[in-house]
Amino acid sequence: MKTVLRAKNMTKIYGLGSKQPFTALENIDLEIKTGEFIVVMGPSGSGKSTLVNNISTIDIPTNGSLYILNQEVKQMSENQLGKFRYQYLGFVFQNYNLLNSLTVYENIMIPLKLIGENKKVIDEKVHQITKELDIESLLNKYPHECSGGQQQRVAIARALIGNPKIIIADEPTGNLDSQNSHEILSIFKKMNENHITIVMVSHDPLIASYSSRLLYLKDGKIEKELFRGNKTQQEYFKEIVSINSKEMQKMLD
């Protein structure tokens with residue numbers, strides 16, 4: 001498998017130069033291969049969101065190196081980074097991040113519009129992806145006219161429309177009930193089976209058990225790493241629960 005992302009000594013410091021700088025990530029070494037499904041877990045303030053923000057180019061590391069698809073992020077201009085995001089990365093957030101002034105169709109087409117795709121291709125791709133996600137009937141509606149589960153499907157359609165190499169998902173089921181969460185996770189699983197690399201933040205061990213690898217963060221460092229390997233999902237789930245329980249107990253001791 002090819003390496004799609006490689007971080008070496010990646011560090012993120014906020015307030016650099018101030019009296020109280022804060023190190024959110026410290027010397028992160030990470031390699032992600034094509035088709036991996038990685039879940040990032042850890043207590044509040046451990047650096048989960050900072051990690052995904054940096055590996056998704058929303059933020060830039062203070063020190064160290066980060067290569068995505070063999071391109072060094074720090075060497076790209078803001079304009080190059082913008083184009084790179086829309087060509088190779090897809091984003092799914094807990095709060096959907098849909099534009100309420102745009103229809104479902106218009107929200108989904110944004111990545112293609114930004115890279116200058118023509119109207120005919122946009123129309124074909126939007127109808128194809130929305131049919132696959134069973135939201136074709138929502139195209140003329142606005143986000144506020146859709147349920148939470150529907151809005152998250154719209155967000156996933158927007159993330160997938162440009163055929164990204166990597167999907168970054170930050171608590172994508174955080175605002176959904178158990179039924180909608182299961183449906184969204186089934187979509188992610190299918191995406192992963194189609195060789196899309198996924199990096200997802202979650203606090204839920206059941207959701208984490210869908211992954212092929214778990215990164216457990218603590219104080220801005222990768223404290224533990226767990227691979228599913230040949231384990232059943234139930235066996236993997238129990239290991240994840242055990243890690244979380246032990247770490248929580250340490251915090252209480």
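Guide: In this predicted model, Val 39 stands opposite Leu 214 in strand β9. Val 39 belongs to strand β3, where Phe 37, Val 39 and Met 41 point one way while Ile 38 and Val 40 point the other way, and all of these residues are buried. Strand β3 is therefore mostly covered, with five of its five residues buried, where buried stands for a relative accessible area under 20%.

Towards β9, four bridges join β3 (residues 37-41) to β9 (residues 213-218), and the two strands run parallel; Ile 38, for example, has Arg 213 as its bridge partner in β9. Towards β8, four bridges again join the strands, which run parallel, and here Val 40 has Val 201 of β8 as its bridge partner. Strands of a sheet pair through backbone hydrogen bonds, either parallel or antiparallel.

Stepping back from β3, we find an open sheet of six strands in the order β6-β7-β8-β3-β9-β10, with mixed pairing. Strands β6 (89-93) and β10 (221-227) stand at the edges with a single partner strand each, so one side of each is left without a neighbour in the sheet. Direction ignored, neighbouring strands of this sheet are turned by 15° against each other on average.

Helices lie against this sheet as well. Helix α2 (residues 78-88) lies across β6 and β7 (166-170), and runs at about 80° to β6. Helix α5 packs on the sheet too, touching β6 and β7, and its direction makes about 170° with that of β6.

The buried residues in question are Ser 181, Ile 184, Leu 185, Ile 187, Phe 188, Met 191 and Asn 192. Seen down the axis of α6, these buried residues fall within an arc of 155°, so they line one face of the helix. The face of α6 turned away from its buried side carries Lys 190 and Glu 193, which are exposed. The length of α6 can be checked as well: at 1.5 Å a residue, its 16 residues (178-193) should span 22 Å, and the end C-alpha atoms are 22 Å apart, which agrees. After α6 comes His 195, whose phi is positive, near 75°.

With 14 residues (119-132), α4 should span 20 Å at 1.5 Å a residue, and its end C-alpha atoms are 20 Å apart, which agrees. At the start of α4, a side-chain oxygen of Asn 118 reaches to within 3.1 Å of the backbone nitrogen of Lys 120, and α4 is followed by Asp 134, whose phi is positive, near 60°.

There is also an open sheet of four strands, in the order β2-β1-β4-β5, where the pairing is antiparallel. Strands β2 (22-33) and β5 stand at its edges, each with a single partner strand, so one side of each is left without a neighbour in the sheet. Within this sheet, β1 (residues 3-14) and β4 (residues 63-68) pair over five bridges in the antiparallel sense, and the bridge partner of Arg 6 in β4 is Tyr 67. Helix α1 (residues 48-55) lies across β1, β2 and β4, running at about 125° to β1.

Finally, Met 76 lies in the loop between β5 (71-72) and α2. Met 76 has a relative accessible area of 13%, and is therefore buried. If its neighbours within four places in sequence are left aside, Met 76 is in contact with Gln 71, Leu 81 and Phe 84.

Conventions
Residues numbered from 1 in each chain as written. Predicted model: local features only at pLDDT ≥ 70, side-chain atom pairs only at ≥ 80, totals over all residues. Heavy atoms only, no water. Expected span 1.5 Å × (residues − 1). Polar contact = N/O pair within 3.5 Å; in protein donor to acceptor, adjacent residues only side chain to side chain. Pairing = 2+ DSSP bridges. Axes fitted to C-alpha atoms, helices over the stretch in contact; angles between N-to-C directions. Contact = heavy atoms within 4.5 Å. Buried < 20%, exposed > 50% of the residue type's maximum accessible area, 1.4 Å probe, protein only. Arc of directions from axis to C-beta.
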